[in-house]
Amino acid sequence: MGHGKYIAPPEGQYQVAAGQVLNLQFTVLPGESRDVDVRIDLNGPGAEAHLKGLYLCKADEKVNFHIVMHHRAPGCRSTQLFNGIAGGTAQVRFDGTIIVAPDAQKTEAYQENHNIVLTDTARVETKPQLEIYADDVKCSHGATVGSLNEDELFYMRSRGIPEAEAKTLQMLSFLSPVIPAGQEEEIEKAVRSL
Amino acid sequence: MTDKNLIQQVTSSEYKEGFVTDVEQEFLPKGLSEDIIRQISARKEEPDWLLEFRLDAFRKWQKMPQPDWAHLDMPAIDFQDIIYFAAPKKDKDRPKEIDPKLAETFDKLGIPLREREALAGVVAVDAVFDSVSVKTTFRQTLQEKGIIFCSFSEAVREHPDLVRKYLASVVPASDNFFAALNSAVFSDGSFCYIPKGVRCPMELSSYFRINARGTGQFERTLIVADEGSYVSYMEGCTAPMRDERQLHAAVVEIVVEKDADVKYSTVQNWYPGDADGKGGILNLVTKRGICKGSGSHLSWTQVETGSAITWKYPSTILKGDYSSSEFYSVAVTNNHQQADTGTKMIHLGRGTKSRIVSKGISAGVSQNSYRGLVRMGRGAVNARNFSQCDSLLIGSRCGAHTFPVIESQQPSATVEHEATTSKISEDQLYYCNQRGIAPEDAVSLIVGGYAREVLSRLPMEFAVEARKLLAVSLEGSVG
């Protein structure tokens, strides 16, 4: 199965109490199909959760993220950033919900999911959802699906960088905000294999 | 403290279109069956193919479950407790004379039916009262250009080939539960055909009014813009204040041929129910257009302020290469109103482009959802979409939700979605107050600014109405 590797804390439920900070990192490398199902409850004032995800697919992987971030108390903060690249005939699905309970005022919740599609046959579906029942909140989500930027590629190639290398650089820079510390080499190797 | 008073004032703002017109009407009996459908069809002297179409839709509808996926607390609808056909009695006198009572109704609503009174001839109106179209203005002027603009029933009589060709070509009878219901019992609506290369010289407008008690309104609108033509179409709706829920299940189909351009605007102001959520219209509508030919363009603009429940997703199928579509929406919910609205952009052709701008405003204890789908098919090479969905919350007991779905099967396609949720900030209010702007005016100023991108897309006549509506809907609400 190649060098498929999945580095993440176990999926499941997380209860975050007042003042606690939860950091989670999800990494899905080529060759690995995964269903990541996570539910986080921010239960006390000042609780925080920060999620980062990275996924790389090049064959027929099926990667599903299902994330529920539930702000149950006022003054909590959450951030989510998931960046991934899909090639081959991979199917990627990101389904993320932020729920802000009534009275969970002063909530800050942000969620982003960015995807690059490399082939005609890969399929990406993203469903970033907000359910907000309080008014004094700052919430946003963003999602993009696209391909490698032609202009950037042209810029690098016109300066003598070979096409494959330029694409690798583009992909690495796209992934850089979500590459876990200490795993830069492993990720780079995986990106070169795409 | 004062905030609370002000929020209470919101709930007391009145629905000024809530009067009932006392005009003699005839009804078909309550309930839905093949027999009722045959009666509707017979009353409208429809050809056999149309009756078959209705019956076929009805049989399909009977097998369909009512959808429950929307973020709505939908009351059970008893489909046998609805009158499916109601018409003002003087129907036979049409179109020579319009009943003075009806004319008065539309006058009260500010809809000019007598042509000399129309705004210097810039708007042609088709007015639909319960189940029938009562008057269509400016037909002569339009006819000279070859434009057909008439009630659906007339279109069936006078242009059966066109109607038959395009009816249900965008929204098939079996598309969804409410579209199937509409296909079975639709009563009237507007039909519009713009011939090749013709630029429609005036805004076309349909005005829908529910009047009778216990009835539902099921109108059907079909717009066909042939190659290279242009039309701007507006739709408005109101209903009396009643403490029963009334059903409105409409279907709008738009066909845009090569290089044609259609602009469709709606100001929806059905009765929203009272402050306790009693009564109001259930607005369950299917609207869809197809950009059939290359270079065609379809733009949806909607201002949704009324209805107890809104379930509406004006959508575009971008089939023609390099066709484009836009969706601009402002949805305001207050008191117990619920809205689940948004759009679908289905990209099939090369280089197709779409843009979605949705602004939701929730106040009181209302729930306001944006639900959207952007799909990039295999053939959507270099297609592009941008979506912006913002929500504004006024008061701490309302809800704002965003449910976008993005599907891409084409690597060169680019899809971007962003959404934010926030309230009117104290800084903004303070800034205005400090300059002598009263809190209510400040809110309306800020909301106006927030919704401006959408309001500026409305035709002039509608923009004025929409701004007023926004101000009334949110009167005095400071969050």
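Colleague: Asp136(A): is it buried or exposed?

Modeller: Start with the cut-offs. Buried means under 20% relative accessible area, exposed means over 50%, and partly exposed lies in between (1.4 Å probe, protein chains only). Asp136(A) has a relative accessible area of 19%, so this residue is buried. Two notes before we go on. This is a predicted model, in which local features need pLDDT of at least 70 and side-chain atom pairs count only at pLDDT 80 or more, while totals for chains, interfaces and linings use all residues. Residues are numbered from 1 along each chain as its sequence is written, chains are lettered from A and ligands numbered from 1 in the order in which they are written, and side-chain values use heavy atoms, leaving out hydrogens and water.

Colleague: Which side chain does Asp136(A) meet in a salt bridge?

Modeller: A salt bridge puts a side-chain nitrogen of Lys or Arg within 4 Å of a carboxyl oxygen of Asp or Glu. Here the partner of Asp136(A) is Lys106(A), at 2.9 Å from N to O. The two sit in loops, 30 residues apart: Lys106(A) between β8 (91–100) and β9 (107–117) of chain A, Asp136(A) between β10 and β11 of that chain. Lys106(A) counts as exposed, because its relative accessibility is 59%.

Colleague: How many salt bridges are there over all chains?

Modeller: The search of the whole structure finds 27. Take Arg72(A) and Asp41(A), whose closest N and O atoms are 3.0 Å apart. They too link distant parts of the chain: Arg72(A) is in the loop between β6 (62–71) and β7 (77–86), Asp41(A) is in strand β4 (residues 34–42), and 31 residues separate them. Arg72(A) is partly exposed at 43%. Asp41(A) is buried at 4%. Chain B has an example as well: Lys312(B) and Glu304(B), with closest N and O atoms 2.3 Å apart. Lys312(B) is buried at 1%, and so is Glu304(B) at 3%. Some salt bridges share partners, and these join Arg39(A), Asp41(A) and Arg72(A) into one network.

Colleague: What do chain A and chain B bury between them?

Modeller: The size of an interface is often given as the accessible area lost when the parts come together. Buried area is that loss (1.4 Å probe), summed over both parts. For chain A and chain B the value is about 2500 Å², with 49% on carbon and sulfur atoms. Tyr133(A), Asp135(A) and Val145(A) supply 22% of the area that chain A buries, more than any other three residues. Contact means heavy atoms within 4.5 Å. The chains' contact takes 32 residues from chain A and 32 residues from chain B.

Colleague: Which residue forms a salt bridge with Glu407(B)?

Modeller: Arg123(A) does, with 3.5 Å between the closest N and O atoms.

Colleague: In what sense do β10(A) and β22(B) pair?

Modeller: Strands are DSSP runs of E, at least two residues, and helices are runs of H or I, at least four, numbered from the N terminus. Two strands pair if DSSP finds at least two bridges between them. β10(A) and β22(B) (residues 399–408) pair in the antiparallel sense over six bridges. Thr126(A) stands opposite Ile406(B) there.

Colleague: How many residues of strand β13 of chain B are buried?

Modeller: Twelve of its twelve, in residues 280–291. Now look at its partners. β11(B) (residues 251–256) runs parallel to β13(B) and is joined by six bridges. In this pair Val256(B) stands opposite Cys291(B). β16(B) also runs parallel to β13(B), with four bridges. There Cys291(B) stands opposite Leu318(B).

Colleague: Where does Thr316(B) lie?

Modeller: In strand β16 (residues 315–318) of chain B. Thr316(B) is buried, because its relative accessible area is 0%. Its side chain makes a polar contact with the side chain of Trp300(B), at 3.0 Å. Leaving out residues up to four places away in sequence, Thr316(B) touches several others, including Gly289(B), Cys291(B) and Ile346(B).

How values were computed. Polar contact = N/O pair within 3.5 Å; in protein donor to acceptor, adjacent residues only side chain to side chain. Buried area = accessible area lost by both parts, 1.4 Å probe.
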